[in-house]
Amino acid sequence: MASSLKDMVSAIAPTIPTALIQPEALTEIAAVAQHLPLTLGTTVGFECPLSTPGKADFFLRVSGAWGQSLLAGQPQMLPVLDQLSPESHLLPLEFAHLWQNAPWQSIRQFARQWAEPTSQLHQVVEDIWLEFDIASGGDSMPLPSVFFGVKPEGPSDLDWVSQTALPTLLGQSLQPQTEETLQCCLRAIPNTAELFQVGLLSGRTSTEADVPAIRLYIRNLTLAEVRSLLHNVSWPGDPDLLAALLQRVSTGTRRFTLQLEIQATLSPVIAVECMFASRPEWHQVLDRLVVTGFCSRDRAQALLDYPGYVRAKHQVAPFPALLKNWSTQLAPYRECVLVKRLAYLKFTYQPGQPLLAKAYLGLSPTWIDARYLEPKDPYHQKLPDQETLAVGLCKALIQQLDYGEIDVDALVPCTRSQKSRLLNQTLETLCIGG
């Protein structure tokens, strides 16, 4: 039986408060996730509008050698743990059906260039994100919006964005006015900030013939830089009013990520992302949103209740079989847990309309040193060469899949009980603001 991303969604479904995502919405998300192989997405997540109870959209990050080859439609390499993964080569039947329409074919063409070591896109693109707008009772597999992450060490010249990357995704060159507006926005990025992601809102077009809007993500901006950049690009709104609204609702935020949307011209609709590094900061900003009417008290508490991690042995719902199999074979040295992260808030603003707030929740398989999860258990004695082999295989798997790893032994030399406490503190840090 093939593994799909539905396995991850189903595994954590019992732990998600209904005030945050209703079971019906999770069922609709699972209907999308079942089309996609488990090894395609190294991170998945949910976009939750704070003003719409129980609704959510779905997104995933594609990276790693397996993710690249799957999206590119290339023969999948033999898994480094092939002796541990008898079903890893099996793909959901629905996955093959996606590539029959033009937008998905453009995604595949982009992925093929990204996977080619000698191509320009391979040198500058970090990852690919697919975001699905989930419509209640709608198509079970909507067309995704597509975003690509920009490598931070990439070239300062960003001409490749308009000349190579976006035309490949679009299947055609940019219109002159669109390119002019895009270049104006790219030139306005201050030296202290960076272009983080670029994408096409393909999932929001009515027909395949429509040209989707372009979205730019510019991160590491101060509030003053957000205001200045919007003035410089002649944004058709009031940057000072936006800055005042953000200052009111995002207490404690020092750096922002700005989202700009472009068709022929710059859209009046923009968004700003705010990240918070600790639970007290999340408490503070959510309390502010409750007071200002952006979020109900029960939904704010549900957001704070979301972070955590799920182990196979503690599951109410079945743990993804492929990940559980690898964990069993690598025990006790490594175990795969599903880490649930409270990632960031996004505020969307359109002149003359109320500010809208959304929360983004992440879910990632993460490999940890399982010996320190339960310090009261007897220490597992095995031969040193067995431990070396297990850890080596796990590291190779992480490299192939691009899953994250927490290795307590590498963090600090201390006693086993201290390492156990440190591991749980590290997992807590991952879950908030990660």
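Asn220 counts as partly exposed at 33% relative accessibility (buried means under 20% relative accessible area, exposed over 50%, partly exposed in between, with a 1.4 Å probe and protein chains only). Asn220 sits in strand β6, residues 214-221, and has a positive phi of about 70° although it is not a glycine. Most residues other than glycine have a negative phi.

Ser234 also has a positive phi, near 55°, and is not a glycine. Ser234 belongs to the loop between α9 and α10 and counts as exposed, at 57% relative accessibility.

## About the model

Please keep in mind that this is a predicted model: local features need pLDDT of at least 70, side-chain atom pairs count only at pLDDT 80 or more, and totals for chains, interfaces and linings use all residues. Residues are numbered from 1 along each chain as its sequence is written, and side-chain values use heavy atoms, with hydrogens and water left out.

## The chain as a whole

The chain holds 16 helices and 12 strands (DSSP runs numbered from the N terminus: helices are H or I with at least four residues, strands are E with at least two). Its C-alpha atoms fill a box of roughly 65 × 50 × 45 Å along the principal axes. The radius of gyration is 22 Å, which agrees with the value near 22 Å for a compact globule of 434 residues (taken over C-alpha atoms; the globule rule is 2.2 Å times the number of residues to the power 0.38).

Of the 434 residues, 53% count as buried. Among contacts with a separation of 6 or more, 73% join residues 24 or more positions apart (contact means heavy atoms within 4.5 Å).

## Helix α10 and its cover

Which residues of helix α10 (residues 239-249) are buried? They are Pro239, Leu242, Ala243, Leu246 and Val249. Seen down the axis of α10, these buried residues fall within an arc of 140°, so they line one face of the helix (the arc is that of the directions from the helix axis to the C-beta atoms). Their cover includes α9 (223-232), β8 (270-275), α11 (279-291) and β10 (335-349).

## Ser267 in its loop

Ser267 lies in the loop between β7 (256-262) and β8. Is Ser267 buried or exposed? With a relative accessible area of 18%, Ser267 is buried.

Leaving aside residues up to four places away in sequence, Ser267 touches Trp235, Pro236 and Glu261. Ser267 and Gly237 are 30 residues apart in sequence, and their C-alpha atoms are 9.5 Å apart in space.
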